[in-house]
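Dear colleague,

I am passing the structure below on to you, and the notes that follow it set out what was found. Please read them alongside the model.

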Amino acid sequence: MHPQKKRLAGYVTTVGIAFTLALLVGYTAIGRQVDADAYDWMFRLHPPHTDKARSAMVTIDEQTFAKLGGIRRIRAILAEALEYLASASPKVVAVDLTLVDTGDPQDDQRLEEAMRRTRCLVLAAEMSPGGKDWQDPLPRFRKWAAAVGHVHAAPDEYNGIVQQVPLEKAIGQRRYWALALEALRLSLGEQPIVESPDDLQVGGITIPAKRGDARSVYVRYLPAGLDGATSIPRVSVAQLHAEPALAKHFREKVIFVGVTAQSAARDRLMTPCSAGQPLPGVEIHANTFETLAGGRFLTRASNTSVFLVSGLLATGASLIFAFLWGWPAYTMAGVLLAVAQATPHIFFLQDIVFPYTAPIAAAWLTVVSAAGYQHLVVRRQLRLAEAEKTRYQQAVHFVTHEMRTPLTAIQGSSELMRRYPLNEEKRRQIAELIHSESRRLARMVETFLNVERLSAGQMELRREPYHPAELVKICVERAQPLAARKAIRLVLGPLPDDQIVGDRELMEYAVYNLLTNAIKYSPAETEVRISAWRRGEYLHLAVKDQGIGMDEEEVRNVFQKFYRTRSAVASGEAGTGIGLSIVEQIVTHHGGRIEVESSPGKGSCFTLVLPAPVSAGAREK
Ligand code: ADP
């Protein structure tokens with residue numbers, strides 16, 4: 001595949017995996033929990049508009065119990081409340097109290113009488129603890145009720161907060177609508193509830209409550225006061241008891257009656273605006289009613305839209321890092337992440353509950369993976385291209401530096417032959433010189449190219465058996481004229497007779513280079529000693545001089561391309577600083593290493609350590 005296509009495929013795959021992962025994260029328990037918590041947070045951040053409350057509450061609070069006789073007298077208290085209410089003639093009275101058992105006969109009698117006088121009464125039914133049956137109000141109460149509604153909320157599966165209330169609850173064939181829905185139906189003039197799979201219709205109100213979802217609706221709790229209670233007006237029975245005239249506020253309203261006393265209300269639940277204080281059931285019902293009557297519903301975003309929006313964010317992230325670099329890319333990615341963060345809020349303001357995890361995980365994961373891909377893969381490719389460029393530059397350097405000398409010699413000699421009539425002997429000498437210089441040039445080019453190809457991985461090392469002793473002798477012979485010019489003695493130490501395997505030509509280049517360096521960087525009339533010995537599975541080959549030497553720092557740098565020590569430059573010897581880097585590469589490719597010992601003014605010793613398995617050597621002998 002074309003490298004660019006391959007890179008594109010790699011990029012798309014990486015971002016695609018990140019995107020898929022993000023969607024999956026949205027479906028995990030943690031993702032759901034985050035979504036649930038985010039919903040509560042958004043709910044508090046964007047409270048619903050408050051029209052005037054259509055409902056009110058008559059509460060049985062601590063004070064009521066204290067004044068009117070405690071939980072045992074609850075039916076009498078309820079009866080009293082209904083009596084006050086009857087005088088005000090509210091539209092509907094919904095009672096959030098289960099009246100399953102027979103109570104004190106006198107109290108029950110009084111309650112029944114009060115109910116008889118109540119216009120539109122809704123009573124509560126509750127599921128038995130096991131959820132097997134309905135606990136209906138006693139028939140004597142039931143018969144005065146215009147409707148019975150269930151009083152169950154649906155705490156969120158993941159964070160236990162009551163965000164939704166199921167409008168329908170069924171056990172077998174027996175089902176009840178929610179207390180609040182019954183209250184609404186009656187308040188609108190005993191309207192029927194028209195069902196379709198996706199919504200319910202009551203009067204002119206369409207409630208988007210799906211059958212498959214237990215007809216659940218999000219409750220838009222009216223903004224909370226400091227104590228966490230919502231802003232639905234309320235009067236306690238104790239207050240009514242003290243001032244019965246307060247009942248006049250309930251005219252034409254839908255009234256919810258229930259217990260709010262902390263000590264008695266067992267149905268207190270956390271809501272998004274609870275602020276740590278659970279809300280009594282009666283208040284949840286009243287808020288549900290307000291939500292239904294207000295007709296502005298929150299609906300859940302469809303899976304398709306979640307997928308599309310998250311996909312859009314992921315595409316954005318991948319486009320950013322496909323076309324931009326560095327700060328512009330990171331800035332745009334920051335903007336994208338901010339958009340992802342804002343997305344659920346924007347939807348929420350449009351009354352759509354959009355999950356939080358999926359878009360944000362999609363944005364983050366794709367940004368991180370796209371940026372990571374850009375950083376690791378694309379940068380690496382750039383680095384490779386850079387290395388390629390440096391190699392090319394070095395090649396140019398090499399040609400201009402190393403080759404200039406032999407070329408000048410060839411040029412000069414041929415010029416001589418062209419211009420002057422030379423005798424046969426002279427011509428022969430010059431031709432000899434041209435020949436040897438051009439061969440040197442060819443060898444140099446060959447060596448350089450070979451090393452380049454080796455390090456680019458384009459060439460295999462040649463593996464031929466050869467005798468290092470012979471190789472050393474050849475190099476010494478070649479270097480002899482150079483040494484002679486400076487009256488340097490080339491001393492051959494003991495050389496083992498082993499045969500080793502490797503690229504003979506490259507190895508010769510390496511040894512010759514060490515030898516000429518030793519001669520170049522030594523004063524006249526000194527000694528250069530070449531010796532070799534075997535240690536275990538390695539052959540050591542050392543070139544030791546009594547030359548200018550190097551300090552530690554210089555020894556560390558000496559294998560870098562084009563590095564020359566200050567004293568070497570000062571010595572006036574021609575050089576490029578590339579030879580040793582080639583030597584090191586050659587030795588490394590052979591699986592060996594090069595060691596240097598040196599001290600300034602005293603001399604240096606370069607040792608090649610080459611693998612030389614005993615068995616191979618023995619076999620060759
Ligand atoms: P060149 O000899 O062309 O400068 P090399 O790569 O062979 O390049 O050597 C790099 C540098 O290492 C030399 O310039 C010199 O400073 C130092 N060097 C190499 N061999 C010796 C030596 N035997 N003694 C002192 N310095 C040396």
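This is a predicted model: local features need pLDDT of at least 70, side-chain atom pairs count only at pLDDT 80 or more; totals for chains, interfaces and linings use all residues.

The strands β8 and β9 form a hairpin with two residues between them, and G172 in the turn has a positive phi of about 60°. Strands here are DSSP runs of E with at least two residues, helices are runs of H or I with at least four residues, and both are numbered from the N terminus.

Residues are numbered from 1 along each chain as its sequence is written, and side-chain values use heavy atoms, with hydrogens and water left out.

An open sheet is formed by five strands in the order β19-β21-β22-β24-β23, with mixed pairing. Because β19 (489-492) and β23 (593-599) stand at its edges, each with a single partner strand, one side of each is left without a neighbour in the sheet. From one strand to the next the twist averages 15°. Within this sheet, β19 pairs in the parallel sense with β21 (residues 527-535) over four bridges, and V491 stands opposite R529 in β21.

As for helix packing, α14 (residues 424-455) and α19 (residues 579-589) pack at an angle of about 50°, with their axes 10 Å apart; axes are lines fitted to C-alpha atoms, for helices over the stretch in contact, and angles run from 0 to 180 degrees between N-to-C directions. The two helices α14 and α19 are therefore oblique to each other (angles under 35 degrees count as roughly parallel, over 145 as roughly antiparallel, 65 to 115 as roughly perpendicular and the rest as oblique).

Finally, one cavity of 30 Å³ or more was counted, a cavity being a set of points on a 1 Å grid over the protein atoms alone where a 1.4 Å probe fits but cannot get out, with lining residues having an atom within 4 Å of a point. The largest cavity has a volume of about 40 Å³, the volume being the space filled by probe spheres set on the points. Its lining consists of Y466, P468, L471, I500, M507, V511, L541, L608 and L610, and α15 (468-485), α16 (504-520) and β24 (603-611) each supply at least two residues of that lining.

With kind regards

Terms used. On a 1 Å grid over the protein atoms alone, a cavity is a set of points where a 1.4 Å probe fits but cannot get out, and a pocket is an open set with protein on both sides within 12 Å along at least five of seven lines; lining residues have an atom within 4 Å of a point. Two strands pair if DSSP finds at least two bridges between them.
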